[in-house]
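Please keep the sequence and the coordinates at hand while reading.

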Amino acid sequence: MLSASPRRRGQRRGHRYLAGAGAPAGILLAGSMVLAACGGSAGAASAAQQSGPARAAYPVTVRVCGSPVTVASEPRRAVSNDINATEDMLALGLEARMAGDFGVTGDGPAGHPVPAQYLAAFRRVREVSSDYFTLETLVGLHPDLLFAGWNYGLQAGTNLTPGYLARFGIKTLVLSESCAHVNPGERHVSINDTYQDLANLGAIFNVRGRASKVIARMKAQVAAAHAKIANLKPVSVFLYDSGQSAPFTAPGLAMPDALIQLGGGTNIFAGLRRSWTSVSWETVVARRPQCVIINDYGTPTWRQKEKFLTTSPVTRTLPAVRNGCILHLSYDQLTPGPRNAQAVTAIARWLHPRAFGRSG
């Protein structure tokens with residue numbers, strides 16, 4: 001069976017397990033201190049706008065999920081969870097300030113999980129486990145900051161929440177996109193969530209200039225790709241993460257939806273205002289996607305997933321499958337992180353090849 005079986009104590013890889021549409025406010029608050037939250041593209045105070053010499057940089061406050069996270073001094077023992085969050089930190093040159101990472105090699109493509117551009121930096125950080133953190137393994141590192149997301153390691157209703165981790169002196173910075181898992185009022189996810197994560201890290205580690213440069217490069221790459229396809233008719237797309245009996249996909253409140261739009265497509269589940277979740281094959285078939293994007297991580301491999309799509313009686317007659325319009329992108333390209341801009345370019349080139357001087 002090519003099913004994505006849960007390998008992490010009650011949650012699928014990162015985003016792939018939805019704990020519910022909302023969570024009680026008490027989960028997000030510990031005592032009088034609000035430690036993490038998510039507000040994403042909708043309004044977090046721009047951390048990149050803060051400035052000043054290093055000695056005057058602290059305390060610094062950023063906002064995520066609509067609540068403040070205040071850091072009194074530069075973190076020296078930061079920990080990241082999942083490959084996309086780790087790459088955010090490596091893109092800013094923060095490997096020397098990290099005590100370790102979790103879930104990196106477990107969420108990359110089989111055989112070559114870490115992309116070449118981050119491999120050297122990744123090797124300078126201790127990979128504690130290819131799996132996600134547990135309370136014991138995390139606390140054992142004595143971290144001063146955790147960078148993770150809801151359902152990317154953090155789990156509402158457990159002891160893996162920012163409020164509970166505060167008991168051990170751990171500040172938590174939450175991935176902005178993941179706020180949709182715990183904020184019932186979340187209505188929008190965009191690539192600005194990724195930019196905000198990078199800006200927040202830039203402020204917390206006092207590397208705002210580096211963050212601004214990474215964000216500027218990403219914006220330029222996205223703008224160049226989008227300009228070529230902005231006036232073309234969107235192509236309908238189904239994001240296939242995993243699952244045979246019921247496909248797991250990325251609806252309107254998951255990052256791939258935003259990347260597909262920027263790349264000249266329309267997500268067939270854009271109207272489903274949820275983050276990563278399961279749907280039915282009957283609905284996929286009824287919506288007749290013109291192209292499929294396969295999320296490539298671990299096993300089953302993208303080749304195995306593609307074989308299922310091309311041989312299953314349910315999916316082999318989909319227009320996307322009949323016409324061979326199947327694109328595989330790695331997990332770290334499709335989840336919020338610095339490779340999102342590369343994903344937009346790849347999607348645009350695949351959906352609209354003639355706009356890039358290629359035959360269809």
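**The cores and the chain as a whole**

Setting aside residues up to four places away in sequence, M89 touches A78, S80, L94, M98, F147, L201 and F205, where a contact means heavy atoms within 4.5 Å. The model is a predicted one, in which local features need pLDDT of at least 70 and side-chain atom pairs count only at pLDDT 80 or more, while totals for chains, interfaces and linings use all residues. Residues are numbered from 1 along each chain as its sequence is written, and side-chain values use heavy atoms, with hydrogens and water left out.

M89 also belongs to the largest nonpolar core, which holds 72 residues; M89, L92, L173, F205, L259, I293 and I347 are the members that touch the most others. A nonpolar core is here a set of buried Ala, Val, Leu, Ile, Met, Phe, Trp, Tyr and Cys residues joined through side-chain atoms within 4.5 Å. Helix α7 (residues 208-229) contributes the most to this core, with seven residues. Another core lies apart from it and has 18 residues, among them C65, F133, L141 and A148. In soluble globular proteins, nonpolar side chains tend to be buried together.

Burial can also be stated for the chain as a whole: 58% of its 360 residues are buried. The term buried means under 20% relative accessible area, exposed means over 50%, and partly exposed lies in between (1.4 Å probe, protein chains only). The accessible surface of the chain comes to about 14,100 Å², and carbon and sulfur atoms account for 52% of it; such areas come from the Shrake-Rupley method with a 1.4 Å probe, and for residues only the protein chains shown count as cover. Among the contacts with a separation of 6 or more, 73% are between residues 24 or more positions apart. The chain contains 13 helices and 16 strands, which are DSSP runs numbered from the N terminus (helices H or I, at least four residues; strands E, at least two).

The strands β3 and β4 run antiparallel and are joined by five bridges; two strands pair if DSSP finds at least two bridges between them. V62 has V69 in β4 as its bridge partner. In a regular strand the side chains alternate between the two faces of the sheet. In β4, S67, V69 and V71 make up the covered face, whereas P68 and T70 make up the uncovered one. Two residues lie between the strands of this hairpin, and C65 takes a positive phi near 55 degrees there.

C65 is joined to C179, with the sulfur atoms 2.2 Å apart. This pair links distant parts of the chain, 114 residues apart: C65 is in the loop between β3 (60-64) and β4 (67-71), and C179 is in the loop between β10 (171-174) and α6. The disulfide of C65 and C179 is left-handed because the torsion about its S-S bond is about -90 degrees. Both C65 and C179 are buried.

The other disulfide joins C291 to C325, with an S to S distance of 1.8 Å. C291 lies in strand β15 and C325 in the loop between α11 (319-322) and β16, so the pair ties together parts that are 34 residues apart in sequence. Its S-S torsion is about 80 degrees, and the disulfide of C291 and C325 is therefore right-handed. C291 counts as buried at 4% relative accessibility, and C325 is buried at 12%.

Strand β15 (residues 291-296) pairs with β16 in the parallel sense over five bridges, and I294 has H328 in β16 as its bridge partner. Four of the five residues of β16 (residues 326-330) are buried, so this strand is largely enclosed by the rest of the structure. S330 is one of the contacts of R339, which also include E87, P115 and Y118 once neighbours within four places in sequence are left aside. R339 is found in the loop between α12 (331-334) and α13 (340-351) and is buried, with a relative accessible area of 12%.

Helix α6 remains to be described. Twelve of its 13 residues are buried, including D193, Y195, D197 and L201. N206 follows α6 and has a positive phi, near 60 degrees.

Note on methods. A disulfide is a pair of cysteine sulfur atoms within 2.5 Å.
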